[in-house]
There are 2 protein chains.
Amino acid sequence: MAEPTTEQEDKRQRRSRKGEERRVQILAATMRRFAEDGYQNAAIGDIARDVGLSLPGLLHHFPTKVDLLLAILAKRDLDSADFISHYRSDLRGLLKGMVEIFRHNAGMIEVVRAFAILNAESLMKDHPAKTWFLDRTVQMQNDIAATFERAIADGSIDGGIDAPAMAAELIAIMDGLQMLWLRDPNRFDMVGGLEAYVSRLLTSLGLQG
Amino acid sequence: MAEPTTEQEDKRQRRSRKGEERRVQILAATMRRFAEDGYQNAAIGDIARDVGLSLPGLLHHFPTKVDLLLAILAKRDLDSADFISHYRSDLRGLLKGMVEIFRHNAGMIEVVRAFAILNAESLMKDHPAKTWFLDRTVQMQNDIAATFERAIADGSIDGGIDAPAMAAELIAIMDGLQMLWLRDPNRFDMVGGLEAYVSRLLTSLGLQG
């Protein structure tokens, strides 16, 4: 095969940059639709219309609604994975880091709403994101538990603590506070709520101050 | 109008008892369908089939899907209202009572699943249960906060505690642990999880032992 000319190469790059921009637009519109209607009720035709594409035009980028769902989930996963690996070595840092994540998320309620609705929706029978959410939850639990185990091993917290149970509790309090905040952001302060919880937990672990 | 004869009266009572039994059957089938498909995706025709009724036969008892939803919610509300009024006077009793409620709920996973899915689904735009869930959450928060306020007033806990924030945290931890348990009941122990949380909270409030 002949080497592409510089002109052909430029054209290809422009086209792939344009494709990438399209994908970003489509995923932003998908997020808004999922936040309003959930995955099950969101209509792929509406998402196409939102970004000024025909349905076949959209399907060229994402062949099915499940592909859109998986692309949205993959994006979020990156955020969480970054977060865990950044804070994993230090328990105090991990707990304070969770509050920072909440502070960051408070600025993007529609993304959080889409994710919370998908999270709950995936409890339904045969939901395409069921395995993804279970795997992600187990992964988070393992990573957080490992940080607790390390703190037990180096003697900074009491050996009687059940690390996997504590990790599950942290996931639960974050999910629950998020749901309250989504229900009424003016009434429920998820950042302040998590801050108070973490502060009490640090005290009871003997890590405060 | 003539007084009904005893025979007519008996017939009417039999009919209304039969109607009541039908309603109970229909609501049980609705709960199962909501737990599998959520409210939005549940088909009223499937519910009719589940109880051996024609669609018009079902609509005679519940004219719309929203009526089914409201009947399900009203049933659950009764449980929670009973629970709060039973335990409202004593903070320690309220916290221990929450664990008992979880122990009770652990025996009926499909009811809990239906309710958790409705709870999250109602975060979607224009969901018919939106107001019901917000009102219920605010009511629970107020009732739990009042119990904390009373404990502050009689000096049994520290006056620096933010009662509404603590009440929100309790609702959040219950919702969150429930979601984890629904995701994988073999992996996540909601009763043990809440017990550990409550025990640590009682210690930090100085109410343990």
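## An arginine and its partners

Tutor: Happy to, and let us begin with a side chain. At 60% relative accessibility, Arg49(A) counts as exposed. Keep in mind that this is a predicted model.

Student: Which residue forms a salt bridge with Arg49(A), and how far apart are the closest N and O atoms?

Tutor: Start from the helix: Arg49(A) and Asp46(A) both lie in α2 (residues 44–50) of chain A, three residues apart, about one turn of the helix. Asp46(A) counts as partly exposed because its relative accessibility is 22%, and exposed would require over 50%. The partner of Arg49(A) is Asp46(A), with the closest N and O atoms 2.4 Å apart.

Student: Which salt bridge do the side chains of Glu110(B) and Arg113(B) make, in terms of the N to O distance?

Tutor: These two are three residues apart in helix α6 (residues 109–121) of chain B, so about one helical turn separates Glu110(B) from Arg113(B). Glu110(B) is partly exposed at 34% relative accessibility, while Arg113(B) is buried at 13%. Their side chains meet in a salt bridge with an N to O distance of 3.4 Å.

## Between the chains

Student: What is the N to O distance in the salt bridge between Arg200(B) and Glu169(A)?

Tutor: Arg200(B) is partly exposed, with a relative accessible area of 23%, whereas Glu169(A) is buried at 3%. The N to O distance of their salt bridge is 2.4 Å.

Student: Why does that pair join two chains?

Tutor: Look at where each partner sits. Arg200(B) belongs to helix α9 of chain B and Glu169(A) to helix α8 (residues 163–183) of chain A, so the pair joins two chains.

Student: What rotation superposes chain B on chain A?

Tutor: Two copies of a chain are related by a rotation about an axis and a shift along it. Here the shift along the axis is 0.0 Å and the RMSD is 0.0 Å, with a rotation of 180 degrees. The two copies are thus related as by a two-fold rotation axis.

Student: Why do the copies meet through the same surface?

Tutor: Compare the interface residues of the two chains. The copies meet through the same surface because the share of chain B interface residues that are also interface residues in chain A is 100%.

Student: Which residue of chain A does Gly38(B) touch, leaving out residues up to four places away in sequence?

Tutor: Gly38(B) lies in helix α1 (residues 6–41) of chain B and counts as buried, at 0% relative accessibility. Within chain B, Gly38(B) touches Arg33(B), Ile117(B) and Glu121(B). From chain A, the residue touched is Met124(A).

## Loops and an annotated stretch

Student: Asp184(B) is buried yet has no salt bridge, so which side chain of opposite charge is nearest, and how far away?

Tutor: Asp184(B) lies in the loop between α8 (163–183) and α9 (190–205) of chain B. Its side chain reaches the backbone nitrogen of Asn186(B) at 3.1 Å. A salt bridge needs the atoms to be within 4 Å, and the nearest side chain of opposite charge is Arg187(B), 5.7 Å away.

Student: Which backbone nitrogen does the side chain of Ser54(A) reach?

Tutor: Ser54(A) sits in the loop between α2 and α3 (55–61) of chain A. With 43% relative accessibility, Ser54(A) counts as partly exposed. At 3.0 Å, its side chain reaches the backbone nitrogen of Gly57(A).

Student: How much of the chain is helix over residues 43–62 of chain A?

Tutor: The unreviewed UniProt entry annotates these residues as "DNA-binding region". Over this stretch the end C-alpha atoms are 14 Å apart and strand accounts for 0%. The helix share is 70%.

Note on methods:
Residues are numbered from 1 along each chain as its sequence is written. Chains are lettered from A and ligands numbered from 1 in the order in which they are written. This is a predicted model: local features need pLDDT of at least 70, side-chain atom pairs count only at pLDDT 80 or more; totals for chains, interfaces and linings use all residues. Side-chain values use heavy atoms; hydrogens and water are left out. Copies are superposed by least squares on the C-alpha atoms of residues with pLDDT of at least 70 in both. Contact means heavy atoms within 4.5 Å. UniProt positions are given in the numbering used here, feature names are shortened, and annotations may be inferred rather than shown by experiment. Helices (H or I, at least four residues) and strands (E, at least two) are DSSP runs, numbered from the N terminus. Buried means under 20% relative accessible area, exposed over 50%, partly exposed in between (1.4 Å probe, protein chains only). Lys and Arg count as positive and Asp and Glu as negative; His and the chain ends are not counted. A polar contact is a pair of N or O atoms within 3.5 Å; within protein, one must be able to donate a hydrogen and the other to accept it, and residues adjacent in sequence count only if both atoms are side-chain atoms.
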